[in-house]
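Dear colleague,

Please find below the structure that I am handing over to you. My findings follow directly after it.

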Amino acid sequence: MIKTLLISLKLSHAYNFNTFVYRLRKLPLVGRLFPESLYAKTNLKSFISFLIIAGEILWLFAGKFLYLGIMVFWPIFLMPLPHSESYVHLLFCFTLSGALVNTEILSVTKEKYYAVILMRIDDKYYALSSFILYIASQWITFFPASIVFGLLAHVPAYFILMLPFAAAL
């Protein structure tokens with residue numbers, strides 16, 4: 001399963017790089033400056049892939065902080081309940097609705113199509129590895145945001161530590 005995960009990550013990075021180069025080449029005035037051979041440059045591919053990965057990681061952390069800050073922490077000051085009870089109530093409602101709406105395992109992407117249909121990766125291992133990666137990334141990125149906003153809302157420590165597990169699943 002780890003081999004499948006590594007293949008899917010390599011596929012994702014190659015797809016993101018090729019999409020980036022394609023979009024650069026389609027820019028109206030500067031697109032002619034980028035040659036067709038840009039797709040084959042391995043050093044540039046490694047550098048751009050690193051930038052894309054770093055941007056994705058930063059966006060995951062920023063997204064969790066924005067979500068908890070705007071959707072949960074800011075509205076609790078508008079509620080008449082104590083802040084910790086309002087925080088727990090809002091987070092429970094949003095987590096429950098997010099579990100029903102955000103179905104990552106059922107989403108259809110070109111990367112999944114390329115991996116399962118064209119590269120003939122075992123679909124069970126691919127689904128499991130991508131879902132485990134998704135859950136782990138959600139848990140890791142939710143943890144710092146839940147600590148910061150949980151402490152600001154005076155939520156008990158046991159709930160703050162439980163929150164990333166509940167939100168990731």
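Asn 16 is in contact with Ile 52, Glu 56 and Glu 111, once its neighbours within four places in sequence are left aside. Please note that the model is a predicted one. Asn 16 belongs to helix α1, which covers residues 2-25. Asn 16 counts as buried because its relative accessibility is 18%, and the cut-off for that class is under 20%.

Overall fold

The protein contains six helices and zero strands, so that in the notation of DSSP elements its order from the N terminus reads α-α-α-α-α-α. The radius of gyration is 20 Å, whereas a compact globule of 169 residues would have one near 15 Å. The C-alpha trace spans about 60 × 40 × 25 Å along its principal axes. Of the 169 residues, 27% count as buried. Among contacts with a separation of 6 or more, 63% are made by residues 24 or more positions apart.

Nonpolar cores

The largest nonpolar core consists of 15 residues, and Leu 68 and Tyr 87 have the most contacts inside it. Two or more residues of this core come from each of α2 (42-76), α3 (83-101), α5 and α6. The greatest contribution is that of α2, with four residues. Apart from this core lies another, of five residues, which include Val 21, Leu 38, Ile 48 and Ile 52. Ile 52 is also one of the residues in contact with Asn 16.

Which residues does Tyr 87 touch, not counting those up to four places away in sequence? They are Leu 68, Val 72, Ile 76, Ser 146, Phe 149, Gly 150, Ala 153, Val 155 and Leu 163.

The loop between α2 and α3

Met 79 lies in the loop between α2 and α3. With residues up to four places away in sequence not counted, Met 79 touches Ser 86 and Leu 90. Met 79 counts as partly exposed because its relative accessibility is 27%, and that class runs from the 20% limit for buried residues to the 50% limit for exposed ones.

Backbone points to check

Most residues other than glycine have a negative phi. Arg 120 has a positive phi of about 55° although it is not a glycine. Arg 120 sits in the loop between α4 (110-118) and α5 (123-152). The relative accessible area of Arg 120 is 72%, so this residue is classed as exposed.

His 154 likewise is not a glycine, yet has a positive phi, of about 60°. The loop that holds His 154 is the one between α5 and α6 (157-168). His 154 is exposed because its relative accessible area is 63%, and the exposed class begins over 50%.

Surface and charge

The protein exposes about 11,400 Å², of which carbon and sulfur atoms supply 74%. There are 13 positive and 7 negative side chains, and the centres of these two sets lie 12 Å apart.

Yours sincerely

Notes
Residues numbered from 1 in each chain as written. Predicted model: local features only at pLDDT ≥ 70, side-chain atom pairs only at ≥ 80, totals over all residues. Heavy atoms only, no water. Rg over C-alpha atoms; globule rule 2.2 N^0.38 Å. Buried < 20%, exposed > 50% of the residue type's maximum accessible area, 1.4 Å probe, protein only. Contact = heavy atoms within 4.5 Å. Areas by Shrake-Rupley, 256 points an atom, 1.4 Å probe, with all protein chains shown as cover. Lys, Arg positive; Asp, Glu negative; His and termini not counted. Charge placed at Lys NZ, Arg CZ, Asp CG, Glu CD. Core = buried A, V, L, I, M, F, W, Y, C linked by side-chain atoms within 4.5 Å.
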